[in-house]
Amino acid sequence: MRDIVGRIGVVILTLFVLGFVSTTYAQKTHTNLNQKVLKVERGFTKEAAACIECHAKEIPGTVAAWKNSAMAKAGVSCFDCHVVEKKSPMANQCSGLKGSTTYISPMVSSKTCSRCHPEEVDQFLKSGHAALSSAAVIEPKKGALQKLMYLNEGAAFMDGGKIDLSTGLTPKGHPAYNRAAKTSGCQMCHGTKVEMGPDNKPINETWPGGVGTVYPDGAIGNCSVCHTRHNFSVAAARKPEACGACHLGPDHPNIEIYLESKHGQVYQTQGEEWNWDAASDTWEPGDYIAPTCATCHMSGIGDLATTHNVQERLKWDLMHKKSVIRSGDRGDGVKGDKLMRKVCSNCHGPTHTDVQRKTLDTVVELYNKQWAGAVKMKKELATKGLLKKDNWKDGFQELMYYLWHHTGRRARQGAAMNAPDYAHWHGTFQMFQVYKDMEDIYNWRIKNNKIEDLSTVMSSAPY
Ligand code: HEC
Ligand code: HEC
Ligand code: HEC
Ligand code: HEC
Ligand code: HEC
Ligand code: HEC
Ligand code: HEC
Ligand code: HEC
């Protein structure tokens, strides 16, 4: 608590300074109070004002969103974020700048933000939202997911369908790719590597992209996925809808889970009355009654400071095939457990929190047991030559995917975030059904020593 009072002090001091001067942000430096140091500089330069004035006519929606933002009020404008050096790999000129020596880019990476917000960017870069996020989508290693997006969902239907899915090659031996699934789906959530053409403009529909976008300036991260441009609001990022753009659907229904939880119910019935605008690290219970995604995963609360590393407070890896306690580039699960318990302790007693944490552990254990059973059956089928090469035409392998990627994730994440319907009816209930169907297929194949003619599984099944 003492920390908080200290932090409130600093923020009040900062606001006090901000109230008196129209400012351009210089940098965070350090007196023993760790105050922000602000340089006084009234108004916009002539060049910066020209961008705003012309764009107010040409792209009025952008300027309208920006002008009410905290950054506009602090004197940060188009010029600060979009102007790049002539030698930048993204350097370009819009029609209003032709003939001048000013170069711009419509792409703005986290590197630009880090000039003024270095701590947020450092934390972000350590999280799964950065490199790990786009790595899942970027070529070229021919993993199962690359095959899924380039071949099964796309190329298989092109070129007369004459592509061998087991090799990913056309009859002539050329690799066959179709980007439709990647650019309309994966990339918009995960981000990809932006590919550039000779005129310094993005090609192959690789921009815009999601949270882990790898930019031509070498930087990773699109900060505007949560801080929607151009008002870059903190209040908006604190609301669950900011996360729900990507964290939804059959395979990671986090927004659905949240809205179904008691916390979500309180948010939906009372959230309009809450105070969403408090400065970072002063936004505390009282401003709100129940937590949002941000409260548990990012915001300062009690002793905990705000973090842009969303894996800092996690114990388990609940997204991959087998759930393990987080380590390495997925964080530190032992520490994560302690930090998440601290979040709960602001509003719940230790008995309540212990029960919730143990409930999650038991669901993880149940899922891992079923997954291990599935792996064992699959191994045996493989040694006996009873698996099809194309796993999407093989009922057993298809079901195994749903066990992990859909039902298993829903059970684990539903339990983690207190949504009984997802934990059970969309989770453990469907897990055991999928498992029993897998057993039947396994037994049939072992008994008859062959693969059944048709997959008994419909891909659009309710899993
Ligand atoms: C605080 C930094 C910041 C400021 C200030 C800013 N922008 Fe942006 N702008 C961004 C970011 C971030 C993006 C998204 C970039 C991406 O996806 O790579 C963006 C994207 C854009 C785009 C391309 C996307 C589209 O919808 O076409 C345009 C055009 C643009 N901004 C215009 C402006 C104008 C005009 C201003 C001044 C009124 C402005 N920006 C001020 C950061 C900023
Ligand atoms: C005299 C008018 C004018 C001025 C001044 C001007 N622009 Fe533009 N800008 C435009 C127009 C018009 C477009 C629409 C696309 C085009 O014609 O290039 C545009 C497009 C853009 C885009 C989007 C580019 C894209 O590829 O989608 C960005 C970013 C941008 N301007 C930034 C700036 C910045 C930063 C400044 C100030 C340094 C500035 N502009 C000054 C008129 C202007
Ligand atoms: C030239 C310096 C500068 C750059 C570049 C910059 N910011 Fe800011 N930003 C500021 C200042 C100054 C404030 C207002 C004081 C504060 O909150 O620290 C601010 C505030 C913010 C806030 C808080 C808004 C609120 O509602 O309170 C967010 C979020 C933010 N910036 C995000 C970004 C992002 C994302 C980028 C990169 C696309 C970026 N900033 C680039 C200087 C900058
Ligand atoms: C633009 C899409 C997008 C938005 C918006 C988004 N996320 Fe994510 N998030 C992802 C993706 C993609 C991953 C998986 C990254 C990977 O491949 O490891 C992820 C992973 C995570 C993880 C696991 C992190 C890890 O390191 O393993 C957490 C926790 C998380 N997000 C929380 C949030 C919260 C809270 C919000 C809102 C405040 C949010 N996300 C907003 C796309 C998004
Ligand atoms: C609607 C947004 C969205 C789309 C579309 C999407 N993902 Fe994801 N993806 C996520 C989120 C969010 C997570 C984190 C899930 C969790 O924590 O359970 C994730 C997790 C993953 C993971 C596990 C984390 C890792 O890095 O190992 C992989 C791999 C992955 N996605 C690949 C893909 C591929 C490939 C596509 C396209 C074929 C795709 N995703 C489409 C949002 C999306
Ligand atoms: C997953 C969603 C998400 C992403 C991605 C994200 N932010 Fe934030 N950001 C938040 C939330 C939520 C808060 C408010 C935390 C709180 O409650 O104080 C915040 C707060 C901020 C603030 C205000 C901090 C202050 O001291 O006033 C800044 C500045 C900021 N973010 C910059 C960035 C930058 C730069 C990036 C890109 C590296 C980024 N954010 C990416 C969700 C996000
Ligand atoms: C009451 C606090 C709380 C709220 C609210 C909350 N979460 Fe969680 N979240 C958790 C806990 C606890 C876990 C599991 C942590 C662990 O591993 O011990 C978790 C796990 C996750 C994961 C799984 C990461 C993985 O390993 O795959 C994602 C993604 C996630 N949350 C996103 C969100 C999003 C998005 C929202 C809002 C729509 C949200 N959370 C709301 C507490 C919360
Ligand atoms: C900002 C305060 C706050 C935080 C932080 C918080 N909760 Fe809650 N929680 C509430 C409120 C309010 C309720 C609704 C109580 C009721 O049912 O009347 C609630 C209800 C619940 C419930 C429903 C069962 C019950 O007691 O009614 C569970 C389970 C739960 N919380 C778990 C958690 C866990 C686990 C964490 C930490 C990861 C957490 N909460 C963090 C405020 C909070």
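The shell around ligand 5 takes at least three residues from domain 2 (123-225) and at least three from domain 3 (234-351). The model is a predicted one. The shell holds 18 residues, and those that come nearest to ligand 5 are Ala-136, Cys-186, Cys-189, His-252 and Met-319.

Two helices, α9 (144-152) and α10 (180-190), each give at least two residues to the shell around ligand 5. The largest share comes from α10, with 5 residues. Sorted by class, the shell around ligand 5 consists of 12 nonpolar, 5 polar and 1 charged residues.

## Surroundings of ligand 7

Ligand 7 is surrounded by 25 residues, of which Cys-293, Cys-296, Lys-315, Met-319 and Ala-416 are the closest. Domain 3 (234-351) and domain 4 (352-448) each contribute at least three residues to the shell around ligand 7. Domain 3 therefore has residues in the shell of ligand 7 and in that of ligand 5, by the domain bounds assigned here.

At least two residues of the shell around ligand 7 come from each of the helices α12 (241-244), α13 (254-260), α15 (293-297), α16 (333-344) and α18 (395-416). The class count for the shell around ligand 7 is 14 nonpolar, 8 polar and 3 charged residues.

## Cis peptide bonds

The bond from Trp-207 to Pro-208 is a cis peptide bond, with omega near 0°. Pro-208 sits in the loop between β6 (202-203) and α11 (234-237).

Another cis peptide bond links Arg-229 to His-230, where omega is about 0°. His-230 is placed in the loop between β6 and α11, the loop given for Pro-208 as well.

Asn-200 is a residue other than glycine with a positive phi, near 60°. Its place is the loop between β5 (195-196) and β6. Asn-200 has 17 other C-beta atoms within 10 Å and so counts as partly exposed, since a buried residue needs 20 or more and an exposed one has 12 or fewer.

Asn-418 also has a positive phi, near 65°, without being glycine. The loop that holds Asn-418 runs between α18 and α19 (420-448). Asn-418 is classed as partly exposed because 18 C-beta neighbours lie inside 10 Å.

Key:
Residues are numbered from 1 along each chain as its sequence is written. Chains are lettered from A and ligands numbered from 1 in the order in which they are written. This is a predicted model: local features need pLDDT of at least 70, side-chain atom pairs count only at pLDDT 80 or more; totals for chains, interfaces and linings use all residues. A residue is near a molecule or strand if its C-beta atom, placed from the backbone, lies within 6 Å of it. Helices (H or I, at least four residues) and strands (E, at least two) are DSSP runs, numbered from the N terminus. Ala, Val, Leu, Ile, Met, Phe, Trp, Tyr, Cys and Pro count as nonpolar, Asp, Glu, Lys and Arg as charged, and the others, Gly among them, as polar.
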